[in-house]
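User: Hello! I am new to this protein and would like to understand how its descriptions are reached. Could you walk me through some of them?

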Amino acid sequence: MSPQRTTLRDLHGMLGSGEPIAMVTAYDYTSALLADRAGIPMILVGDSMAQTMLGFDDTLPVTVDDMVRHTAAVVRGAERAFVVADMPFMSYQASVSDALRNAGRLLKEGGAQAVKLEGGIATVETVRALAAAGVAVMGHLGLTPQSVHQLGGYGVQGKTSGAARALVDSALELERAGAVALVLELIPVELAQEVSDQLTIPTIGIGAGGACDGQVQVWHDLLGLSVDFTPRHAAKYAEVGETVLDALRQWADDVRQRRFPSEDQTTHIKQSLDLGSKTLTPPE
Ligand code: KIV
């Protein structure tokens, strides 16, 4: 029998009992399977796949088709985790009907349990419509990477009184509209604490200090796979990139030196093979 998948009720139960929620991004079958085996209750199929998997400079080029395909792979790999799929740039901003159609694809074709979208007051009507349609929606405030050009970079948000007030108001409005959880990205810990205190839904922080109800990290940052850059808010729990580099160099050298393949990776004929001009004979 398949193990039971984590539900929103389980996540809210963790919130109630004060157990912090760990969420990690995953973009493919194998990493989702590993995250699931590690007992991580929430997986985000983040549009950060634009950078980590596809090599773009920012998240903007990711399409709904990309998200559906990768979400489906993650759902196949993770039997237990609650899987959240990011709604990509311009898949929900233009109209509520776009948002409903695209969220529907992420749930129906991708198999996600929830979707996440970025933004404050401007997204409240969309969140309300999605929630009314039965879609579990996660909000995302603070640094919203899809607005990188408007924000002028990836800096800390909510540093002025006005910005902090707007963020708290947006968080409350999103909860009232039916958001089931909220990502808080790159904001001061004091502001994250205030939002977490005021909301009844879980806040999941990234670069928002330890006051949130949970933490999310990007797979590549956490495991040392971001070879050129790791953000300050990420802690490396492994040096997988270095391990992979070492393994690849060693293997390529073994190929050059004819040490690979060895007998272990080689198959022999079991009986003589008559090729006409010659006969191949099995080893003694
Ligand atoms: O796409 C992503 O990885 C995210 C996290 C930074 C929260 O949205």
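Predicted model: local features only at pLDDT ≥ 70, side-chain atom pairs only at ≥ 80, totals over all residues.

User: What is the protein built from, and what box do its C-alpha atoms fill?

Analyst: The protein has 11 helices and 10 strands. Along the principal axes, its C-alpha atoms fill a box of roughly 85 × 40 × 35 Å. The accessible surface comes to about 15,000 Å², and 53% of that belongs to carbon and sulfur atoms.

User: Why is V115 called buried?

Analyst: Buried means under 20% relative accessible area. V115 has 0% relative accessibility, so V115 counts as buried. You will find V115 in strand β4, which covers residues 114-116. Leaving aside neighbours within four places in sequence, V115 is in contact with residues including V84, M87, L106, L107, V135 and M138.

User: Why does M90 count as partly exposed?

Analyst: Partly exposed covers what lies between the buried cut-off of under 20% and the exposed cut-off of over 50%. M90 has 47% relative accessibility, so M90 counts as partly exposed. M90 sits in the loop between β3 (82-86) and α5 (96-108). Its phi is near 70°, a positive value in a residue other than glycine.

User: And what makes R258 exposed?

Analyst: Exposed means over 50% relative accessible area. R258 has 75% relative accessibility, and therefore R258 counts as exposed. R258 also has a positive phi, about 60°, although it is not a glycine. Its place is the loop between α11 and β9.

User: Which peptide bond is cis, and where does P261 lie?

Analyst: The peptide bond from F260 to P261 is cis, with omega near 0°. P261 lies in the loop between α11 (240-256) and β9 (273-274).

User: How do you know that strand β1 pairs with strand β8?

Analyst: Two strands pair if there are at least two bridges between them. Strand β1 (residues 21-25) and strand β8 (residues 214-217) are joined by 4 bridges and run parallel. Along this pairing, I21 stands opposite G214 in β8, while V24 stands opposite Q217 in β8.

User: What other pairings involve β1 or β8?

Analyst: β1 also pairs with strand β2 (residues 42-45), in the parallel sense over 3 bridges. There, T25 has L44 in β2 as its bridge partner. As for β8, strand β7 (residues 203-206) pairs with it in the parallel sense over 2 bridges, and G205 stands opposite Q215 in β8.

User: What makes β1 mostly covered?

Analyst: For β1, 4 of its 5 residues are buried. Across the protein, 45% of the 284 residues count as buried.

Technical notes
Residues numbered from 1 in each chain as written. Heavy atoms only, no water. Buried < 20%, exposed > 50% of the residue type's maximum accessible area, 1.4 Å probe, protein only. Areas by Shrake-Rupley, 256 points an atom, 1.4 Å probe, with all protein chains shown as cover. Contact = heavy atoms within 4.5 Å.
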